[in-house]
Amino acid sequence: MTDLSIPAPAPVTIPDSGLRIGGRTVPAQSGAHFSSINPATEEVVAEVAAGGAADIDAAVDAARDTFESGVWSRMPGAERGRILTRVADLLEQHAPELSALETAEMGKLYADTVAGDIPAAAASFRHYAGWADKIAGEAMILPDVGPQHRFGFTLRQPLGVVGAITPWNNPTVVAAWKIAPALAAGCSVVVKPAEDASLATLRLADLLAEAGVPDGAFNVVPGLGPEAGAALAAHTGIDKITFTGSPAVGKTITSLAGEKFRKVTLELGGKAPQLIFPDADLEASLPWIAMGNFYHQGQVCAAGTRVIVHESIADQVVEGLVEFARSAVVGDPFDPASTQGTIVNRKQLDRILGYIEKGRSEGAQLVTGGSRIGDRGFFVEPTVFRGTNDLTIAQDEIFGPVATVITFKTTDEAVRLANTTKYGLNAFIFSQNLSTVHSVIPQLRVGTVWVNGWGVPDPALPWGGRDASGIGRELGRSGLEAFTEEKTVHLGY
């Protein structure tokens, strides 16, 4: 039965595919375009203007001019908050349209986007709208110096021009995580969206303008990573770069940004462990465990594709995952009957299939799945392996629906297995024993722990990782302050 709470998909209405710079829609200066491909049909969705270094220059100049003018950076915080609240309203009003664009470009289930991602993006704008007039420093009486009394205080001022490079897997919600706090703080922003999912971000720019964000405070330059992305990361006119993507690209961005000592926030993916203890309520937990592996076809940085389960219940967990995998309806992401959509592009499909073959060749037991579905569109079967933590499929971020079930005997072994990875973004714990939960949480080398569940990060709490999962935090108060510069003042009287 169709879920009546999910609005029907809007027609895929393509926004003007030009760049958004300084409040205007303009072509790329080179005249170049790239094709946006529907991964379910392999047909062209749109030809999108491909910005380059000259376009990045123009966008950064527009952002800098707007910032220095004070039209946004010195606007009263309450007024900025009112405009950002209007952005949230518009996102909610246009959720079917934005969701249709995302589904057409990168194959995520329409139902998941319209009920999950777009409301989450709106929630981020609404959350930071409330912060816009509450950005404050601290004040204190300092010790006298001789006869002079002293008073000290701090200011938090907008950092300046922010360069944001966003991923394809959750383009609107992750863009909101970066844009909303940056704008709330008074910064100007230049976004380079992923080439596999640029259209929703271009439409987002139109909605921000409609809400009243001034010309130049928000700019979008689609383009290829080695051209537009590298130019933005290296640009001397930006004060901070925020990036979500792969560790390899993150290293490059850190190097480029470091030459001018600019601030950097990086969210670089993960290989999250799901620790399932023998007292876990499997009836309640298995849907979450399966979601952690197969949601959005595993194309989620927080996916929990290392299923580390106590040996006494391993067979039950494997059987449960197999049931979820085999009952999945993999098909048209616009079809309400589908429970899984597509892989984003052919390159990623081939990469996933290559990892599956690697798992077989290294001796992992393939329990179910492992093959492409059909020969049109980039569909792959949900896949379950049994194996060990040292396998390539258990250590590399596959970014596909490939679960590896690994067993443990003791809690100490479970923690050791969980921490034996180069990543440190998040982890899951499934247990009914509070002592186990509270003892394990501080031992896990990750930024976030979910207990007996999983979900979208909440804008009120920080999100980010350590080690190969990145630097810094987004969301929460930490995510807001990351777009400010703290200034200390000593006042003698």
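What follows goes from the nonpolar cores to a threonine, the charged pairs and finally the cysteines.

A bit of housekeeping: this is a predicted model, so local features need pLDDT of at least 70 and side-chain atom pairs count only at pLDDT 80 or more, while totals for chains, interfaces and linings use all residues. Residues are numbered from 1 along each chain as its sequence is written, and side-chain values use heavy atoms, with hydrogens and water left out.

In soluble globular proteins, nonpolar side chains tend to be buried together. A nonpolar core here is a set of buried Ala, Val, Leu, Ile, Met, Phe, Trp, Tyr and Cys residues joined through side-chain atoms within 4.5 Å; buried means under 20% relative accessible area, exposed over 50%, and partly exposed in between (1.4 Å probe, protein chains only). The largest such core has 89 residues, and among the members that touch the most others are Leu-91, Phe-125, Phe-218 and Ile-276. Helix H5 (residues 171-185) contributes the most to this core, eleven residues; helices (H or I, at least four residues) and strands (E, at least two) are DSSP runs, numbered from the N terminus. A second, separate core holds 29 residues, including Leu-275 and Phe-408.

Now find Thr-244, in strand S10 (residues 240-244). Thr-244 is buried, at 8% relative accessible area. Its side chain makes a polar contact with that of Lys-178 at 2.9 Å (a pair of N or O atoms within 3.5 Å; within protein, one must be able to donate a hydrogen and the other to accept it, and residues adjacent in sequence count only if both atoms are side-chain atoms).

How many salt bridges are there? The count is 26, where a salt bridge is a side-chain nitrogen of Lys or Arg within 4 Å of a carboxyl oxygen of Asp or Glu. Arg-64 pairs with Asp-239, with the closest N and O atoms 2.7 Å apart. Arg-64 sits in helix H1 (residues 53-69) and Asp-239 in the loop between helix H7 (225-234) and S10, so the pair ties together parts 175 residues apart in sequence. Lys-108 and Asp-117 also form a salt bridge, at 2.8 Å; Lys-108 is buried at 1%, and Asp-117 is buried at 4%. Arg-20, Glu-97, Arg-203 and Asp-206 are linked in a salt-bridge network.

As for disulfides (cysteine sulfur atoms within 2.5 Å of each other), the count is zero. Cys-187 is buried at 0% relative accessibility, and Cys-301 is buried at 14%.
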